[in-house]
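Hi,

Here is the structure I promised to send over. Please open it alongside this note; my findings follow below.

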Amino acid sequence: MKLLWAISALLLSCWRANASTAPNIIADPPEVSNQTSAILTCNLTESNLPIKGSLWMHNGKLIESTKTTDSASHTALTLDKITHSSSGKYECVFLTEPEVKKTIEVKTLPHVFAYKHSEHGNEKDKGVMACVSHGYPLPTDWTWFKEVDGIQTPIINGTSDKYEIKSTPNKTTLTVNDLSMENDIGDYVCSGTNELGTNSDKIHLRVRSRLAALWPFLGIVAEVIILVTIIFIYEKRRKPDEVNDGSAPLKSNSTANHKDKNVRQRNSN
Amino acid sequence: MTNHKPKAESRSDEAEGLDGGWGWVLVGALFVSTSLVFGLMRSLGIFFVEFVQYFEESAQAISWISSTGLAAQQFFSPLGAALCNAYDARVVVMTGGFLAGLGLILASQATCLVHLYLTMGVISGLGWGLVFTPMVATVMANFTRRRTLALGLGFSSIGLSSFAFNPLFQFLVETYAWRGALLILGGLSLNIVPCGALIRPRRRSKAPEKVNSGSRSSCAMVLRRVSSYLELPLLFERPYLTYTLAVTLLNVGYFVPYFHLVAHSRQAGFSEYQAAFVMSAAGATDILGRVVSGWFSDLGHFRLLHLLSLWTTLAGVFIMLLPVSSLSGSYVVLVMISLLYGFCSGALTSLVFAVVPMIVGVERMMGALGLLQLIESGAGLLGTPLSGLLRDVTGNYIASFMVAGGFLVLGTLTMATLPHYFSCTDPPAPQRHSHEDKNKSLHPELEQINSSPPDTGHGGRAQ
């Protein structure tokens, strides 16, 4: 009996000792989902340790303006407009020995956008379309749709060689193989889903025929050939005259030179 | 003076002093071919984005394509000059144009990066090398009094075509994908062929000089012929070497602003558009400077060499002032100095080539230009990495610009060591010596043209 009392007293004192040295942070609200603005607060209770200051971190990076050295046990951070860039994990940190911190998650819909809204590919070649997402939490599911006349049909990975989908939480790529001009031109929609909802973006794929550039090229080559021909013909027609003019002075120096000299003298006077 | 003029004109396209008529047609040909060589080279950046994505290579590996092309163009310049001396400039330029186009057409079928190096780099570069120097030399041979203006007008195409080609290439890539766009560019490059066809075929006057009469071909004879085509003896002449050294120093600093001005403006705190505008403004005054300097130089009030020194020094000073102006934080000052820098750098471009015949004579101009291009290519390889290194070491561009401007001023000082630098008129052009003296008696007209100063117009008016 006495042993039982002793053990329970020991346990009680241990528990009370723990309770008195374990600080507790009350975070309010514990989580932010789908709100346009919020005020995050942290209250440090049950701690008799000295507080040297407090600060807030966003996704592991310090928010400079929140760093204080006052010993308040209550700190707050205001988020005026919550967008995908301000979502993430916020930590309030109290500078005690040791530090104590608590995380508040700010969640938004995923921000999905395409690298390029207009992609092009060559016939029989492959076309690659990519979408990325920012925000927190990152999408857990990515789906691609092909939009025909307003109806979206999902594209399923692995059913055929035509489509390949590679997805990571923040990026997804759809590769369309063996492009054909009749079937593959159109709008493709990438949509990313996280626990709060879904967002999507649209990409337009254009397929060019392999020979599309050939016609302008042939046109230019034809133009070059025509120009060169014209120049040579023009020269052949002028050549007989030029040969006479050119060779005459060399052969009969006197006459031509006298003629020229007279001209020169008249001009110089 | 009136005595030799009729003889000069009677020899039509072989002599200097035409200054008109067909010469201006050749200026047009120079305009088109230069834009298709250098304007095209400068706008290839648009393709590089596509290459990086398609071939999944680093930007550095892709940028080697244009470096190879430029290096090939400069390396093969003496070859182009030598072939022109040996055969006909017309054939060489037409072949060069064909090769340039062929390189790009083959590049459109490339399946790996090495293909691009070989086609766009080596083949097109060879073609460009066979085109540029012969065209410039031909235009210069066709003008005396208006030589610098002709060159200025011809080179103004580089700036104008860079303006035009950037959106054009973007459109071609969007519409036809890079393969189709390269194919079309190859076709466009083939337009150099008609430009070359416009060069009048040369009469056989140059060939007899080069061959020693009554010689059998042997190793030494062939070597001597080749070295005379390449104008290798020029490398042993002090004035030419001095001038080449000056131009090389100039080239070290010349390209630095092109590469770093935008980044420097951004670092100084200006927005992307402001920085891009500074570059465009410099480009616009560059074009203006080329034409105005060409026109002004031909008025004959000053020696071309003095004008070149003036523009080079001014350009160097303005490059050195560029970081100072942006440090002061004033956007207007930065734009002003960029405008002035652009004007001076364009102005000196027209003159750099025009001075060459003053130093080596019109006869050897072709080979001289080829060798000059080859030697100055080393400077380009040195200048940009050096300025990049300075920037990495010091953290900003002030040191790079200072050094670049310093190199330009150093180039001017080197030019000042040329013989007869401080005289008010040009010295008589050097005559051909060695085995050509024997042949002089066969060509009395040639001797007369060689012995008279090539810029009688300038000399006369300066007096």
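The largest nonpolar core in this predicted model has 124 residues. F47(B), F51(B) and Y243(B) have the most contacts inside this core. Helix α8 of chain B, residues 147-189, supplies the largest share, with 15 residues.

What does F51(B) touch, leaving aside its neighbours within four places in sequence? The contacts of F51(B) are E56(B), I62(B), I65(B), L116(B), M120(B), W178(B) and L182(B). Another core, of 18 residues, lies apart from the largest one. Its members include V32(A), C42(A), W56(A) and F94(A).

Next, a helix pair in chain B. Helix α13 (residues 256-267) and helix α16 (residues 331-354) have axes that come within 13 Å. Those axes cross at roughly 175°. Angles over 145 degrees count as roughly antiparallel, so α13(B) is roughly antiparallel to α16(B). On the α13(B) side, the contact uses P257(B), Y258(B), L261(B) and S265(B). They meet L334(B), S338(B), Y341(B) and S345(B) in α16(B). By type, the contact residues of this pair are five nonpolar, three polar and no charged.

Last, chain A. It has three helices and 17 strands. Of its 269 residues, 35% count as buried. Take the contacts in chain A between residues at least 6 apart in sequence: 60% of them join residues at least 24 apart.

Best wishes

How values were computed:
Residues numbered from 1 in each chain as written. Chains lettered and ligands numbered in written order. Predicted model: local features only at pLDDT ≥ 70, side-chain atom pairs only at ≥ 80, totals over all residues. Heavy atoms only, no water. Core = buried A, V, L, I, M, F, W, Y, C linked by side-chain atoms within 4.5 Å. Buried < 20%, exposed > 50% of the residue type's maximum accessible area, 1.4 Å probe, protein only. Helix = DSSP H or I, 4+ residues; strand = E, 2+ residues; numbered from the N terminus. Contact = heavy atoms within 4.5 Å. Axes fitted to C-alpha atoms, helices over the stretch in contact; angles between N-to-C directions. Parallel < 35°, antiparallel > 145°, perpendicular 65-115°, else oblique. Nonpolar A, V, L, I, M, F, W, Y, C, P; charged D, E, K, R; others polar.
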